[in-house]
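Notebook open. I wanted a quick look at the overall fold and then at the charged pairs.

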Amino acid sequence: MIDYRDTHDFTEQELERLFLSVEWSSGHFHDKLKAAMKNFRTVYSAWDGGRLIGMICAMDDGIMNAYVHYLLVDPEYHGQTVGRTLVDMIKEHYRDYLRIAVIAYNDELHFYENCGFSRADDASPMFITSLWT
């Protein structure tokens with residue numbers, strides 16, 4: 001049974017394993033990820049026993065806008081509604097906000113559209129980054 005938690009406390013090893021399971025280069029910076037988790041306003045995670053299998057993290061301005069920065073689910077758990085449940089938790093948490101934004105990779109657009117997000121016709125994500133994924 002999958003357990004969902006509202007916590008900012010993770011070990012570096014838990015974060016490294018989860019982020020590298022989805023081939024995100026940020027998993028190589030597990031010490032920075034551990035510190036980052038403490039700074040997010042909202043963090044929900046999914047656990048299978050003692051194993052971290054998914055998480056969603058958001059930052060916000062306190063009243064109008066929220067930005068989902070991370071949503072990741074261990075590939076072994078894809079198709080089990082873990083991602084959808086985490087998104088629903090964020091949508092409920094920010095239900096009174098005017099905007100919840102996410103930058104989706106192209107191969108994930110369908111998932112986010114099924115969760116109620118819409119593509120912007122007049123905006124594109126832009127980055128300055130040294131991450132390779």
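Predicted model: local features only at pLDDT ≥ 70, side-chain atom pairs only at ≥ 80, totals over all residues.

Residues are numbered from 1 along each chain as its sequence is written, and side-chain values use heavy atoms, with hydrogens and water left out.

**Fold.** I looked up the secondary structure and got four helices and five strands, in the order β-α-α-β-β-β-α-β-α from the N terminus. Helices here are DSSP runs of H or I with at least four residues, and strands are runs of E with at least two, numbered from the N terminus. I also checked burial: 35% of the 133 residues count as buried (under 20% relative accessible area; exposed is over 50%, partly exposed in between; 1.4 Å probe, protein chains only).

**Salt bridges.** I found eight of them in the structure, each a side-chain nitrogen of Lys or Arg within 4 Å of a carboxyl oxygen of Asp or Glu. Lys38 pairs with Asp9, with the closest N and O atoms 2.3 Å apart. That pair links distant parts of the chain: Lys38 sits in helix 2 (residues 30-39), and Asp9 lies 29 residues away in the loop between strand 1 (2-6) and helix 1 (12-21). Lys38 is partly exposed at 45% relative accessibility.

I noted Arg95 with Glu92 at 2.8 Å, N to O; Arg95 is exposed at 53%, and Glu92 partly exposed at 44%. Last entry: Arg17, Arg51, Asp74 and Glu76 are linked in a salt-bridge network.
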